[in-house]
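Student: I've got a structure to go through before I set anything up. Can you walk me through some of the contacts?

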Amino acid sequence: KVFYLSRLAQATTFDGGTTPLGYIDEALQITASERNSSKDLLAQLRALRGRTLLNLGRNEEAYTELKQALDLSGGLTLKVSLSEASMRGDLALAALLTNRKDDARRYLAYTGQGRLEKAPFNAAQSMSPPDCGEVSGLRPEDFAVVEFSIGDDGAVTRSQTVYSTGGRAVAAAFAKAVSDWYWTPEAVKAIPLFYRLTRVELRCTAADGPSQNVEKELGARFAEWAAVQTGLRPVEGGGRQAELDALSRTIDSAKASGPFPRYAAALSSRALAAPRSSEQVVSSLDQILQAPEAALLPAEVRNTLRFYRLQAVQTSSITRTKRLTDGDRLRLATELFAFAAEPAVADDPLLTATAKLSALSYLHKRLAADQRAAAIQQVANDTRLAPGNSVRQYALLQLANDAAATGDLSSAQAYFQRTGLTEEQCALLGPKPEMRKDGTAAGFPNEAAEYGFEGWVRLEFDITAAGAPIGSRAVIAYPPFIFVDSATKMSQAARFRSSYRPGGNMACAANNSNYRFILGTK
């Protein structure tokens, strides 16, 4: 009965009432009345009660309850189980919320979080916070602490909101976002088993406008074709793993009985989305492109797959924990420019424009100004792309910025007007201004160094047309709360290249930057 009462309490934690406390109190009463009551079980129930009190906003009571749980579990020792690490994490959160910051860092240190070299959790292939807005029900001021575990294949096997400033829907939205994260199996090997159960501090992203990623429109076009072929569409409330499983079933079915376009759509979609290495992506795409039936695919689809394959081949030996070298960047850009120049590819304006701008993103400092401008002009002046095409708008905004940088404000205004965007829209779409000065002089926080913490923070902030960051806010932080203040100070000290905006307003809204904190570095 105690087990079921505990599950009922967990299921109602975010409902906002005292119902879960009633379930826990009954479970505690039953356990305490037993002649040989288990201290471990009492500690787990006290920890659950403390977590429930936290989510009711009764932080002082929660701190007292969690301290009792700690004492029952044997106190702060260097030996810790996963359940004890979770309880200590809750106690650290309670200490923070009751302004016991030193205690919070001490309790968190005894969970083991933030004590892995090279910050392997930052090497995710996909790690996106949920969107703010009506669909998710999340507001920019909402935040949560989400606990999750990572499987051998890199997929998140379980995600659970531990603490949230909102109710059930808010807690569920945060947990759902984390359930869609994944790592490559190679990256997971760097994370010891014990540490694959971890926590992050999480907020929603305000970047709900057009993406700065120039490949977004091409990806949407391919996804639409694939969805038509497979008949699979994202299911509301469905998890990422469920979608991957559905693609796997479609691959098996189509491989056995066809048709080939359905098989190709499912296999390529899963290869590009699954937590696999670049070599595995190349292998899957080769199965499609080298098959005799590949001729059955539309030319734009074949070439789009070639584009994705080219990028995977070039990055197959480069992990996300290693920066691209100048040689890597030159090789990537050269191959992309050559690809875009092929007659068959040049007939596809969206793919051509995407490949060129992707190449420029690697070589923005290597190309002479006139060469760079010429490549961007080709995209901006390609009348085959609709005036409202986001890739073409991106190129025009870049030309406006470049013209303004040379003092040619009339040309800058003309380029800007050709985008058809308002200043608010272009702030979401436009290229991120180049950083002129970083903010790393703020240094490593002493209070974190004292406990040997390492970690990282993903900040979201706007950039004014003059190049100053404003409105910094952490959207993901590991470990929770430790480095957020320092990362915020770094972002505020940074400066970016100025951008052209007729009214002098925002240049880049909801910009994302990662700040890593490694001991021995600044």
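Tutor: Start with E460, which counts as buried because its relative accessibility is 3%, under the 20% cut-off. This is a predicted model.

Student: Where is E460 placed?

Tutor: E460 is in strand 5, residues 455-464.

Student: What does the side chain of E460 make a polar contact with?

Tutor: The side chain of T205, at 2.4 Å.

Student: OK, salt bridges now. How many salt bridges does the count come to?

Tutor: The count is 24 salt bridges. One of them pairs D25 with R49, with 2.8 Å between the closest N and O atoms.

Student: Which parts of the chain does that pair link?

Tutor: D25 sits in helix 2 (residues 19-33) and R49 in helix 3 (residues 39-55). They are 24 residues apart, and the pair links distant parts of the chain.

Student: Is D25 buried or exposed, or partly exposed?

Tutor: D25 is partly exposed, with a relative accessibility of 34%. R49 is buried, at 15% relative accessible area.

Student: What about R199, which side chain does it meet in a salt bridge?

Tutor: The side chain of E147, at 3.0 Å from N to O.

Student: Are R199 and E147 buried or exposed?

Tutor: Both R199 and E147 are buried.

Student: Give me one more pair. What does D382 form a salt bridge with?

Tutor: R384, and the closest N and O atoms are 3.0 Å apart. D382 counts as buried, at 13% relative accessibility. R384 has 45% and counts as partly exposed.

Student: Which residues do salt bridges with shared partners join into one network?

Tutor: R51, D90, E147, R158 and R199.

Student: Switching to helix packing. What angle do helix 4 and helix 5 pack at?

Tutor: About 145°, and their axes are 9 Å apart. Helix 4 covers residues 59-72 and helix 5 covers residues 82-97.

Student: Is the crossing of helix 4 and helix 5 left-handed or right-handed?

Tutor: That crossing is left-handed.

Student: Which residues in helix 4 and helix 5 meet?

Tutor: On the helix 4 side they are N59, A62, Y63, L66, K67, A69 and L70. On the helix 5 side they are M87, R88, D90, L91, A94, A95 and L97.

Student: Next, T352. Which helix is T352 found in?

Tutor: Helix 16, residues 349-363.

Student: Why does T352 count as buried?

Tutor: Because its relative accessibility is 5%, and buried means under 20%.

Student: What is T352 in contact with, leaving aside its neighbours within four places in sequence?

Tutor: A340, V345 and A346.

Student: Last one: S248. Where does S248 lie?

Tutor: S248 lies in helix 10, residues 240-257. S248 counts as partly exposed, with 23% relative accessibility.

Student: How far apart are S248 and Y263 in sequence and in space?

Tutor: S248 and Y263 are 15 residues apart in sequence, and their C-alpha atoms are 10.0 Å apart in space.

Conventions: Residues are numbered from 1 along each chain as its sequence is written. This is a predicted model: local features need pLDDT of at least 70, side-chain atom pairs count only at pLDDT 80 or more; totals for chains, interfaces and linings use all residues. Side-chain values use heavy atoms; hydrogens and water are left out. A salt bridge is a side-chain nitrogen of Lys or Arg within 4 Å of a carboxyl oxygen of Asp or Glu. Helices (H or I, at least four residues) and strands (E, at least two) are DSSP runs, numbered from the N terminus. Buried means under 20% relative accessible area, exposed over 50%, partly exposed in between (1.4 Å probe, protein chains only). A polar contact is a pair of N or O atoms within 3.5 Å; within protein, one must be able to donate a hydrogen and the other to accept it, and residues adjacent in sequence count only if both atoms are side-chain atoms. Axes are lines fitted to C-alpha atoms, for helices over the stretch in contact, and angles run from 0 to 180 degrees between N-to-C directions. A crossing is left-handed if the near helix is turned anticlockwise from the far one by less than a right angle, and right-handed if clockwise. Contact means heavy atoms within 4.5 Å.
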